[in-house]
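Please work through the model shown below.

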Amino acid sequence: MSRSTRFFVFLLLMASLMFAIHVSAHETRDNGVRLIHPFATPTPPGAPNGAAYMDISAGESPVTLIAASSPVSDVVEIHDMSMKDDVMRMHRLDKLEVDAGETLKMRPGQGKHLMLIGLKQPLKAGDRFPVTLEFADRDNITLEVWVQEANEGSQTADQHAH
Ligand SMILES: [Cu+2]
């Protein structure tokens, strides 16, 4: 292969790699925070609530999430889960703090999540919808959330958040 052919092949490889990353995962970077692969799990028809997950990666300063909202539900609350009397329960948090240099991974069934309360329609795999995050220490950020099965969304986030 000539030098220029090799370079062309290299460019093609890079382009296809970037395309592959682009179609399988997404993230938003803003002012020292990375919001990696926001996703929500599908809901059955008539389900009142849904849940959304993402990785929040803080840069040189901490990140404090204080509220969220979305057009798909009446309310969005920050939730955590805990065991009480052998039953897993959810409770609302006033805020969610991520220390500088740390990454918080939200995963289905594992604790922290955004609760979409009062869904206006079922969430179907393949749908996308916006969520706006409100922070104590920075401007609001609006993200696109992808509706994916729990396994698919979690695996994609894990691969992306290295
Ligand atoms: Cu919840």
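**Residues, strands and chain**

Q: Where is D86 found?
A: This is a predicted model, in which residues are numbered from 1 along each chain as its sequence is written, and side-chain values use heavy atoms, with hydrogens and water left out. Local features need pLDDT of at least 70 and side-chain atom pairs pLDDT 80 or more, whereas totals for chains, interfaces and linings use all residues. Helices (H or I, at least four residues) and strands (E, at least two) are DSSP runs, numbered from the N terminus. On that basis, D86 is in the loop between β5 and β6 (87-92).

Q: Is D86 buried or exposed?
A: Buried means under 20% relative accessible area, exposed over 50%, and partly exposed in between (1.4 Å probe, protein chains only). D86 has a positive phi near 65 degrees and is not a glycine. Because its relative accessibility is 72%, D86 counts as exposed.

Q: What is the relative accessibility of H37?
A: H37 is another residue other than glycine with a positive phi, about 45 degrees. H37 belongs to strand β2 (residues 33-40). H37 counts as buried because its relative accessibility is 0%.

Q: Which residue has a backbone oxygen 2.5 Å from a polar side-chain atom of R138?
A: R138 sits in the loop between β10 (128-135) and β11 (141-147), and its relative accessible area of 11% is why it counts as buried. Its contacts (heavy atoms within 4.5 Å) beyond four places in sequence include D30, G32, S61 and P62. A polar contact is a pair of N or O atoms within 3.5 Å; within protein, one must be able to donate a hydrogen and the other to accept it, and residues adjacent in sequence count only if both atoms are side-chain atoms. The oxygen at 2.5 Å from the side chain of R138 belongs to N31.

Q: Which residues does S154 touch, leaving out those up to four places away in sequence?
A: S154 lies in helix α2 (residues 150-160). S154 is buried because its relative accessibility is 14%. The residues that S154 touches are F39, R107 and P108.

Q: How many bridges join strand β5 to β9?
A: Strand β9 (residues 113-119) has six of its seven residues buried, so the rest of the structure largely encloses it. Two strands pair if DSSP finds at least two bridges between them. Strand β3 (residues 49-58) runs antiparallel to β9 with four bridges, and A51 stands opposite M115 there. Strand β5 (residues 73-84) is also antiparallel to β9, and the bridges joining them number six.

Q: Which residue is the bridge partner of V76 in β9?
A: The strands β5 and β9 run antiparallel. In β9, V76 has as its bridge partner L116.

Q: How far is R128 from the ring centre of W146?
A: A charge sits over a ring if NZ of Lys or CZ of Arg is within 6 Å of the ring centre and within 35 degrees of the ring normal. R128 lies over the face of W146, and its distance from the ring centre is 3.9 Å.

Q: In what order do the elements of the chain run?
A: The chain has two helices and eleven strands. Of its 162 residues, 38% count as buried. From the N terminus on, the order is α-β-β-β-β-β-β-β-β-β-β-β-α.
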